[in-house]
Amino acid sequence: KHITIGGAIVGIGIETNSFRKGFVHDNVLEAEVLLPDGEVVTCNAHQHAALFHGLPNSYGTLGYILRATIKLHAVKPYAILTTKRYTTVPTFIAAMGKAAKNTAIDYLESLAYAKDELYLTTIQHSDHPQNLISIYGSTIFYKRISRPGTLSLTTRDYLFRYDPEWFWAMPDSGIFKLFRRLAPPSLRNSSFYARYANFQGRLAARLPFIPGENPSMELLIQDWEVPWKHAADLLAYAFDNLDLAGRPLMSAPVKTPGLATSYPMQKNQFYLNLGSYSYVKKQPGKPTYHNTKMMDAFTFAHAGLKMLYSTTMLPEADFNRIYNGPSYKKVKAKYDPQQLLPTLYEKTVKAY
């Protein structure tokens with residue numbers, strides 16, 4: 001809930017209707033941008049078009065969005081979710097691809113635990129609920145949706161369905177079960193959990209008897225995209241090489257008009273987005289970020305991309321090859337000629 005429209009434009013904002021509507025930035029008609037030197041310009045597909053198409057995946061390195069005009073899409077009060085289980089990766093990917101071409105489906109997502117435990121959920125707007133549940137209270141939504149059947153959420157709850165559990169990063173201990181049951185919705189969100197985790201980390205650093213992070217686990221919060229022909233390969237590779245410790249990967253198809261300068265994808269072609277939003281087990285004898293580097297390397301070797309909100313480690317030459325560095329450099333030179341802001345590489349990679 002704490003992600004802003006501006007942040008979702010200059011980052012890469014995705015939802016489970018992106019197989020039809022594209023990324024968040026594909027739905028922007030116009031943006032008012034504060035440039036690094038203090039000038040304010042209005043950009044769209046015809047005016048300052050290079051800046052307009054350069055904003056996605058720029059992470060504020062070209063300027064700050066003050067205001068944006070975006071497309072809105074009509075919804076109904078409820079979302080009907082129907083989940084089916086698949087037991088092989090090829091049949092699962094085939095079913096997802098078929099569903100993405102079904103015009104009756106409004107949203108499409110999946111939770112994948114193993115090669116033989118894959119749950120595909122199709123979602124349709126509705127004026128009438130079926131088996132209506134809430135994402136609050138004692139409900140652990142990712143577990144509820146990880147079983148075949150049909151249920152309903154309000155459309156608002158659907159949009160924020162994973163926020164009360166911080167996707168699936170919330171522990172299952174007794175105190176958290178009590179928290180789920182009693183905490184008001186105002187505290188059941190990822191922003192609150194992030195502040196709590198930071199506080200716990202600072203406390204553990206000062207007080208040795210306070211437990212810190214599990215040393216056998218490694219944070220893997222990433223979003224990768226590969227062309228659809230490599231979708232099954234990426235998913236199978238993840239299962240062969242990651243120890244998910246019982247937590248799922250999330251996947252969904254996405255298709256974009258392909259006009260984002262720094263997030264180059266084949267125009268109007270399906271890609272698989274694969275998201276990891278939790279901890280995975282460290283591999284013995286491997287250095288920190290081994291899992292991240294391994295998955296990144298496979299993705300880049302298969303004509304894929306990853307979102308740069310996450311830990312990224314690449315040589316600058318490789319980064320510029322993958323993320324259309326020459327074109328970004330031209331936009332950067334035009335709108336930040338004094339180099340008052342860092343480059344995209346400096347901001348998203350050099351820190352690591």
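Contact here means heavy atoms within 4.5 Å of each other. Helices (H or I, at least four residues) and strands (E, at least two) are DSSP runs, numbered from the N terminus. The model is a predicted one, where local features need pLDDT of at least 70, side-chain atom pairs count only at pLDDT 80 or more, and totals for chains, interfaces and linings use all residues. Residues are numbered from 1 along each chain as its sequence is written, and side-chain values use heavy atoms, with hydrogens and water left out.

Start with the sheet. It is open and antiparallel, with 8 strands in the order β7-β4-β6-β5-β9-β10-β8-β11; two strands count as paired if DSSP finds at least two bridges between them. β7 (149-154) and β11 (305-306) sit at the edges with a single partner strand each, so one side of each has no neighbour in the sheet. Further in, β9 (residues 249-254) and β10 (residues 271-281) pair antiparallel over 5 bridges, and Val254 has Tyr271 in β10 as its bridge partner.

Now for the helices. α4 lies across β4 (78-86), β5 (107-114), β6 (117-126), β9 and β10, running at about 15° to β6. Angles run from 0 to 180 degrees between N-to-C directions, and axes are lines fitted to C-alpha atoms, for helices over the stretch in contact. Helix α10 (residues 290-301) packs on the sheet too, touching β8 (217-227), β10 and β11, at about 5° to the direction of β8.

α4 also meets another helix: Val89, Phe92 and Ile93 in α4 touch Ala231, Ala232 and Leu235 in α9.
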